[in-house]
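Visitor: Hi, I'm new to this one. Could you walk me through a few spots?

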Amino acid sequence: MHLYLNDKLVEDIKRHVPHNAQLVDTLSDMLSLGKEAIYRRLKGDVPFTFEEAVRIAAHFNLSIDRIMQSVDFGNNSRARRGDILSGSAEHYMDRYRHLLEALGEGLLNIYSKGSGAVFQTAANQLPYNLFARFEMLARFEVYKWAFLKEGSRPGFGLVNMIKRPDVLQAEARLLEICENMPHIRLILDRNIFRNIAANIRYFVRRELITPTECGQLKLELERLIDGLEQICSQGVNAAGSEVMIYLSDIALDSTYSLIENGNEIASVSRVHFIDYIFNTQRQDQEDKIWIESLKRYSTLITQSGETERFGFFSEQRRMLETTL
């Protein structure tokens, strides 16, 4: 969970069970965790996962929606950041996991309102739901951020980017949430694959990515392109969700996502490779208008635009051959 939400959840739990020893025993039995793990969660050293929070809320009859709405994220708005870039670099995996869990909470909060959720992304860098299923690409996305934090350390290469099991679990959970959105819309910058290939090539030249790792990244990009082309042909992803993919005719300035379900709406802006900003309610509406406007200046290549689709994916494969 996001750290602010974790603090609020703990506060509400303690109202129901004021005696700490009794609370630790209750939570330990409920969550099948050791007492030391419970103490760390209650102190905020390690936040409760979303699944744990749901079980706690059900047990104590708490409202997760009310907890989320009561949290003050500052400036009397919903705007907040994952703050991945703050703090010491040695904690980046903890912060990355917190970011994944916070994103999952935000998406689930809207997704759970009904069965008609629409998840839209306009991207000039690979969206999470495209790269996260590939082990090397997902490592590389985190590595780029960590390199900026620890780049002065000699020999900090991609091989040093090791993810803990809890981080891998958080990644898988967020990917599952993204993939199972009933309606997915992707607007892609036409240089999206060229940009990531250029980034990979930079680290290869610095000898921070080995030739073997480069080959693995290239193979995963090729598999990603193949999978994306198949989705364009079928109109659905592996989870059975409807997917519409557009190629933007205008270069995109950033990457942002919007989830909408009935009257509920939230938008997220991606910054600093893997950091994020949950936007204000006013910005949500502006992002919705912006994304709808981009569609008018984009080419739909899902189950249509066959010539455009074939040309785009063929160009990406040729580019990978010459770049990597």
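This is a predicted model: local features need pLDDT of at least 70, side-chain atom pairs count only at pLDDT 80 or more; totals for chains, interfaces and linings use all residues.

Visitor: What's up with the phi of S32?

Guide: The phi angle of S32 is positive, about 55 degrees, although S32 is not a glycine. E207 has a positive phi too, about 60 degrees, and is not a glycine either.

Visitor: Where does E207 sit?

Guide: E207 is in the loop between helix 10 and helix 11. With a relative accessible area of 71%, E207 is exposed.

Visitor: Switching topics: how many salt bridges are there?

Guide: The count is 18 salt bridges. Among them is the one between the side chains of R194 and E315, with N and O 3.7 Å apart.

Visitor: Which parts does the R194 and E315 pair tie together?

Guide: R194 lies in helix 10 (residues 192-205) and E315 in helix 13 (residues 306-323), so this pair links parts that are 121 residues apart in sequence. R194 is partly exposed at 38% relative accessibility, and E315 is partly exposed at 36%.

Visitor: And what does E321 form a salt bridge with?

Guide: Its partner is K218, and the closest N and O atoms of the two are 3.3 Å apart. E321 is in helix 13 and K218 in helix 11 (residues 211-234), so here the parts tied together are 103 residues apart in sequence.

Visitor: Why is K218 called buried?

Guide: K218 has a relative accessibility of 16%, and the buried label applies because the cut-off is under 20%. E321 comes out at 49%, so it counts as partly exposed.

Visitor: Which residues are linked in a network of salt bridges?

Guide: Salt bridges link R97, E101, R164 and D166 into a network.

Visitor: Now K163. Where is that one found?

Guide: K163 is in the loop between helix 8 (135-150) and helix 9 (165-179). K163 has a relative accessible area of 12%, so it is buried.

Visitor: What does the side chain of K163 have a polar contact with?

Guide: The side chains of K163 and E171 are joined by a polar contact of 2.5 Å. A polar atom of the K163 side chain also lies 3.2 Å from the backbone oxygen of A138.

Visitor: Which other residues is K163 in contact with?

Guide: Leaving aside neighbours within four places in sequence, the contacts of K163 include M93, Y96, R139, V142 and L168, along with A138 and E171.

Visitor: Great, that gives me some places to start looking.

Key. Residues are numbered from 1 along each chain as its sequence is written. Side-chain values use heavy atoms; hydrogens and water are left out. A salt bridge is a side-chain nitrogen of Lys or Arg within 4 Å of a carboxyl oxygen of Asp or Glu. Helices (H or I, at least four residues) and strands (E, at least two) are DSSP runs, numbered from the N terminus. Buried means under 20% relative accessible area, exposed over 50%, partly exposed in between (1.4 Å probe, protein chains only). A polar contact is a pair of N or O atoms within 3.5 Å; within protein, one must be able to donate a hydrogen and the other to accept it, and residues adjacent in sequence count only if both atoms are side-chain atoms. Contact means heavy atoms within 4.5 Å.
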